[in-house]
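Here are my notes on the model you asked about.

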Amino acid sequence: MSVNLGSAERPLRAAIIGAGPSGFYAAAALFKEGIHVTVDLFDRLIAPHGLVRYGVAPDHQNIKAVAKTYDRTAAEPGFRYFGNVDFGKDITHEELKKHYDVIFYTTGAQSDRKLGIPGEDLPNSMSATEFVAWYNGHPDYRDLAVDLSCNAAIVVGVGNVAMDVARVLAKSIDELEDTDIADHALKALAKSNVKDIYVVARRGPAQVKFTNAEIREMGHLAIADTIVLDNELKLDRASSAEIEGDTAMQKNLDYMRAFAEIGATGKPRRVHFRFLLSPVEIIEENGKIAAVKMERNELRASVSGDIKASGTGKYETIPAGMILRSVGYKGVPMPGVPFDARHGVIPNEVGRVVDLETGRVVPGEYVAGWIKRGPTGVIGTNKPDAIESVNSMFDDLQKNKLEAAADPDPEAIPALLKERGVRYVTKDEWKKIDAVEVTEGKKRGKPRVKIVKRADMLAVLES
Ligand code: NAP
């Protein structure tokens, strides 16, 4: 390396792909390294903030407040935003290599896992990921066919996403109105007929994935009771041993025991928690979902100590017209970037991208967030994760392991995008859209009114 990367004469040029939490945390960590650095943050969507805008539940505004720290990062003089730029389509891996010294991939986990059961492709069978994107105003899910005319919905899985979707289905319009839920979703939910929401776990109450705050909230729903069956809360010996000393799990159980004791109080909607059930078939009637057949499970401790669900050959059927699978997100591959399809992540060593074929580190390429470690943890978990990856990069820089970009001209990328007719959205343009949303929100007593369609966002910029 002949040039002094990271110096005032030749700042390190970093591209980050994905403007969600891990992208912003990676940018913040880069600015903190004490070197001269410029960061260009790219996103496929016009709006930045990824899951904070399009994933976090609208009634969890306290979690969304973290976006303020992202705005502070965006205010750094060396920061530029390129929204509405699709990596692999509008701009290629080779082009980024030519113009940037380092690339960080922070694209999260944009897809989801399937159940692999008959009937899964019926209308109104969808992933929680899609349903969440729909109510949060993600432009690609504006027209998702959500039919809330049925009496019951089934949510498969007992993680925090399952809790989010069950809660949104269970809440009254009064409880949702002053949030930033998308207008189209609020309108559809106002007409919802869904009275019974079944949250179904394949394992037992000692293996739930949700956290204390989320189960606690289920006790504060204005128009819905939370129903837990006492006989399903009995723990087998292995489960009792597994959670011994686990205060968070004990607390979860305390909440569930309290729900079992209180039972139904006559509220018009009910959230039922059911355990040891695996959906095996979605039953159709006249082209619509009519019910879901479930196999009853029992728990078995494996040799490794894991407690697994095992089918008993006994079945029960829950009538419902909607099924939301909430069984985990999955990363998607990107052109020119190594991908571990089995785990849905970019293979890496402490954040350094690894070529699966050669087993070697790909110089100058890094990864952070869910696409690095899989879809686990809360928003804040991505901060130390991104710092770890940036530290790996810094270590490589100090050890002269980075190759300087052939053409580091900062104007090369905007010029290329313009030449291609890509209408990229800058930081100041995003601020304009943001201000319109917030102003409209103020008028209606909401944190913001989301502009959903890309064309409508771009129209704001033309006005
Ligand atoms: P998760 O926590 O991993 O939960 C996935 C659930 O799906 C588990 O209950 C799992 O059961 C179940 N599951 C997986 N495969 C299944 C199958 N084939 N059949 C039936 N059930 C199956 O994932 P998540 O809810 O998508 O959440 C992702 C991450 O985001 C988590 O770290 C979560 O805490 C976080 N998050 C946080 C918040 C918040 O802080 N408020 C909100 C949303 C999400 P097993 O345990 O049996 O595998």
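1. Which residues is Ser-172 in contact with, leaving aside its neighbours within four places in sequence? Ala-222 and Ile-223. Keep in mind as you read that this is a predicted model. Ser-172 sits in the loop between α7 and α8. Its relative accessible area is 12%, and Ser-172 counts as buried because that falls under the 20% cut-off.

2. Now the ligand. There are 22 residues around it, and Val-158, Arg-202, Arg-203, Glu-214 and Gly-377 come nearest. By type, the shell splits into 10 nonpolar, 7 polar and 5 charged residues. Helix α7 supplies the largest share of that shell, with 3 residues.

3. Val-158 has a backbone N or O atom 3.0 Å from a ligand oxygen. For Val-161, a backbone N or O atom is 3.1 Å from an oxygen atom of the ligand. Lys-209 uses its side chain instead: a polar atom there lies 3.0 Å from a ligand oxygen. On its own the ligand would expose 920 Å², and the protein buries 82% of that.

4. Next, the nonpolar packing. In soluble globular proteins, nonpolar side chains tend to be buried together. The largest nonpolar core here has 51 residues, and those touching the most other members are Phe-131, Tyr-135, Met-218, Met-256, Phe-273 and Met-322. Helix α7 (residues 160–170) gives this core its largest share, 7 residues. There is also a second, separate core of 46 residues, with Ile-16, Tyr-25, Ile-379 and Val-425 among them.

5. Setting aside neighbours within four places in sequence, Met-256 is in contact with Pro-205, Val-208, Phe-210, Ile-215, Val-228, Leu-233 and Phe-275.

6. Helix α9 covers residues 183–190, and its buried residues are His-184, Ala-185, Leu-186 and Leu-189. What lies over those buried residues includes α6 (128–135), α7 and α8 (173–177).

7. Is Arg-13 buried or exposed? Arg-13 is buried, because its relative accessible area is 5%, and its place is in strand β1, residues 12–17. A polar atom of the Arg-13 side chain lies 2.9 Å from the backbone oxygen of Pro-408.

8. Last one: Ile-318, in strand β13 (residues 307–319). Its relative accessible area is 4%, so Ile-318 is buried too. Not counting residues up to four places away in sequence, Ile-318 touches Ile-154, Tyr-198, Arg-274, Leu-277, Ala-291, Val-292 and Met-294. How far apart are the C-alpha atoms of Ile-318 and Lys-293? They are separated by 6.5 Å, although the two residues are 25 residues apart along the chain.

Note on methods: Residues are numbered from 1 along each chain as its sequence is written. This is a predicted model: local features need pLDDT of at least 70, side-chain atom pairs count only at pLDDT 80 or more; totals for chains, interfaces and linings use all residues. Side-chain values use heavy atoms; hydrogens and water are left out. A nonpolar core is a set of buried Ala, Val, Leu, Ile, Met, Phe, Trp, Tyr and Cys residues joined through side-chain atoms within 4.5 Å. Buried means under 20% relative accessible area, exposed over 50%, partly exposed in between (1.4 Å probe, protein chains only). Helices (H or I, at least four residues) and strands (E, at least two) are DSSP runs, numbered from the N terminus. Contact means heavy atoms within 4.5 Å. A residue is near a molecule or strand if one of its heavy atoms lies within 4 Å of it. A polar contact is a pair of N or O atoms within 3.5 Å; within protein, one must be able to donate a hydrogen and the other to accept it, and residues adjacent in sequence count only if both atoms are side-chain atoms. Accessible areas come from the Shrake-Rupley method with a 1.4 Å probe; for residues, only the protein chains shown count as cover. Ala, Val, Leu, Ile, Met, Phe, Trp, Tyr, Cys and Pro count as nonpolar, Asp, Glu, Lys and Arg as charged, and the others, Gly among them, as polar.
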